[in-house]
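Open the model in your viewer and keep the selection panel at hand.

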Amino acid sequence: MLVWLLAVAWGLHWALQLHASVLRALGVVALAVTWHALWLALTFALMSWRNRPDAAPKPSREECLRAWWGEVLAAPRVFAWQQPFRSRALPDDLAGASASETDAPKVGVVLVHGFVCNRGLWNPWMKRLRAQGVPYLAVNLEPVFGVIDDYTTVIEEAVQRVTEATGCAPVIVAHSMGGLAVRAWLRRYQADDRVASVVTIGTPHQGTWLAYWGSTPNARQMKPGGVWLTHLAADEPASRARRFVCCFSHCDNIVFPAMTAVLPGARAVLVRAAAHVDMVGRSEVFNEVLVAIKAAQAVAQSTGARQA
């Protein structure tokens, strides 16, 4: 009888310990989510303040709330799951890029992530591109806190690989700082004729107010009116902007004022009620890329481009 009592007591002890551990873990998660939501609320408040004199359409309170909640859900998924644990889950897909002489040309896509991100950001995109038979390659920009110009060699290698596989100039899709890396690549390699078009998503083409608080080399390069951005713009021919489609949001909590995400002379696409990371997952952004791919395929077909 004593043995049974001791066994029951031991079982209750460990059950209580396990229960307490579960409660503590849930408490830590709840605290992290709460702080995350509060931090996002602060960035939204700053965004609203800095957007007051901006020329972009003003979002309604409902749109701001929807954007905030979308980012509360999207950012942890990207930064706590896709990027740290799933960045290599989906390989690049250039298989089937070549086609026979009778087939229409296939235009590939180069995916370029932004600040403190990696290729895991694009996991949902890679699934959708593969399902639609679009060849793609997603890069990793390293070092994470390096100089933006240092990322140009990575982009050059990616463009070369996709072009060799398809026989066509690719469409480049870039999020946030990645769009500036693409512009730096165009400047370094004078590669305007080697890219069909560039679709940027929340890229601080004219800088972002938050960069004033940045301390890393690439963050400092994104200051509005800074030396690096000024020189980059001065080195660009006026015709280059016509290759760009700039998807931006009046609820972007990282790149603001809102119109700083539009390259002068480029086609601007307003994505309503979407914050910085969540914008990547919006269907209207993906559809813009599909339009760019189809347009590039039409041009390649009319000029007689064929896969090698």
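Select N253: this residue is buried, with a relative accessible area of 1% (buried means under 20%, exposed over 50%, partly exposed in between, with a 1.4 Å probe and protein chains only). The model is predicted: local features need pLDDT of at least 70, side-chain atom pairs count only at pLDDT 80 or more, and totals for chains, interfaces and linings use all residues. Numbering starts from 1 along each chain as its sequence is written, and side-chain values use heavy atoms, with hydrogens and water left out.

N253 sits in the loop between β5 and β6; helices (H or I, at least four residues) and strands (E, at least two) are DSSP runs, numbered from the N terminus.

Next, show the surroundings of N253. Which residues does N253 touch, not counting those up to four places away in sequence? They are L40, T43, F44, M47, E71, L210, A275 and H276, where contact means heavy atoms within 4.5 Å. The side chain of T43 makes a polar contact with that of N253 at 3.2 Å (a pair of N or O atoms within 3.5 Å; within protein, one able to donate a hydrogen and the other to accept it, and residues adjacent in sequence count only if both atoms are side-chain atoms). A polar atom of the N253 side chain also lies 3.2 Å from the backbone nitrogen of H276.

Now select the sheet. Its six strands form an open sheet in the order β2-β1-β3-β4-β5-β6, with parallel pairing (two strands pair if DSSP finds at least two bridges between them). At the edges are β2 (136-138) and β6 (267-270), each pairing on one side only.

Finish on β4 (residues 197-201) and β5 (residues 244-248), which pair in the parallel sense over four bridges. V199 has V245 in β5 as its bridge partner.
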